[in-house]
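Subject: Structure handover

Hello,

Please find the structure below. My notes on it follow.

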Amino acid sequence: MLNMKNETKDFKSGFVAIVGAPNVGKSTLLNQMLGEKISITSKKPQTTRNRIIGIVHRPHSQLIFIDTPGIHRAERALNIRIVDVALSALRDVDVVLVMIDVANPDPDSEAFLGKKLKKQKQPVVLALNKIDLVAKRTLLSIIDNWSKSYAFEAIIPVSAILGDQIDELLDAMEALLPESPPLYPDQALTDMPERFIAGEMIREKVFRLTGQEIPYSTAVTVESFSEEKRGGLVKIHATIHVERASQKGMIIGKHGTRLKMIGTEARKEIERMVGTKVYLKLFVRVHKNWSKDTKALRRFGY
Ligand SMILES: Nc1nc2c(ncn2[C@@H]2O[C@H](COP(=O)(O)OP(=O)(O)OP(=O)(O)O)[C@@H](O)[C@H]2O)c(=O)[nH]1
Ligand SMILES: [Mg+2]
């Protein structure tokens, strides 16, 4: 007889969309739940631009998370596109996890998101993130306010960065999943190719190591990603696209120092992911006003 252990009634599996305003800590939470970094993070809003899938395996459940771009009122073609990505992730999931930042309320984005949620039929869990930054009394009044605003299935205060209350949050979401055999193989962490994550890691370093408008004018494409059969070296050629010649100069920096820093930091992070040495070659190109050009957006993966 077949072994049906994981395929019977006592197993749950399903999709959870993580949504919220920019910068609330959605990607930090995903990485914390996975115990691995697959989604890039930074202090600056609008870091995430695609749907990022991460799979959490528990003894009686499998939770498939979709990290999404921060939802905000968007104007540029790129931003309209990324908000669309976030909203469309809401469509086919079993549970919605809304996250807010208790230390930095964003009433405008929260109101915008609230309107969208009213149309949702799925159960919604609220994670109040960054509790490490506020006093307990403040937190209690925030919980009180939010509990009056919507019929959440659960409200869980967490610290994504410290990992506080993450199990409680997972328990709350697990309880809402449908009974189902696992939808992904046992060890699967994500379904995104390493090539894509490598490009994201390069983009993260640009977000972290440059200022002003540069991060928002940057896209990264990976031209080649090849693994040598012997020696286990991974060779990557990638291009950093910017919108103006002056931005190219800022990315490269004096005597190439900034580009070197971006390359070194990205390489170390990619090495951790692939578990072998990496050779990373970066190019910088100007593609005028790409973030306003829908054709270019598609070419760059948005
Ligand atoms: N103090 C504190 N900082 C946090 C916590 N969670 C995330 N952060 C920080 O908040 C910033 C934003 O985190 P991200 O995970 O990139 O936020 P995000 O919601 O994915 O942002 P977008 O992708 O831009 O929408 C980073 O600097 C994180 O280190 C937390 O629990 N406590
Ligand atoms: Mg993010």
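Are serine 27 and threonine 48 buried or exposed? Serine 27 is buried, and threonine 48 is buried as well; buried means under 20% relative accessible area, exposed over 50%, and partly exposed in between, with a 1.4 Å probe and protein chains only.

This is a predicted model, in which local features need pLDDT of at least 70, side-chain atom pairs count only at pLDDT 80 or more, and totals for chains, interfaces and linings use all residues. Residues are numbered from 1 along each chain as its sequence is written, chains are lettered from A and ligands numbered from 1 in the order in which they are written, and side-chain values use heavy atoms, without hydrogens and water.

Metal site: Ser27 (OG) and Thr48 (OG1) coordinate the magnesium ion (ligand 2) at 2.0 to 2.1 Å. Serine 27 is in helix H1 (residues 26-34) and threonine 48 in the loop between H1 and strand E2 (52-58), so the pair ties together parts 21 residues apart in sequence. Donors are N, O and S atoms within 2.8 Å of the metal (3.2 Å for Na, K and Ca); water is not among the atoms, so sites may look incomplete. Helices (H or I, at least four residues) and strands (E, at least two) are DSSP runs, numbered from the N terminus.

Helix H2: asparagine 79 lies in this helix (residues 77-89) and is buried, at 7% relative accessible area. Leaving out residues up to four places away in sequence, asparagine 79 touches Gln46, His72 and Ala74, where contact means heavy atoms within 4.5 Å.

Loop: glutamine 165, between strand E6 (154-157) and helix H5 (166-176), has a positive phi of about 70 degrees although it is not a glycine.

Regards
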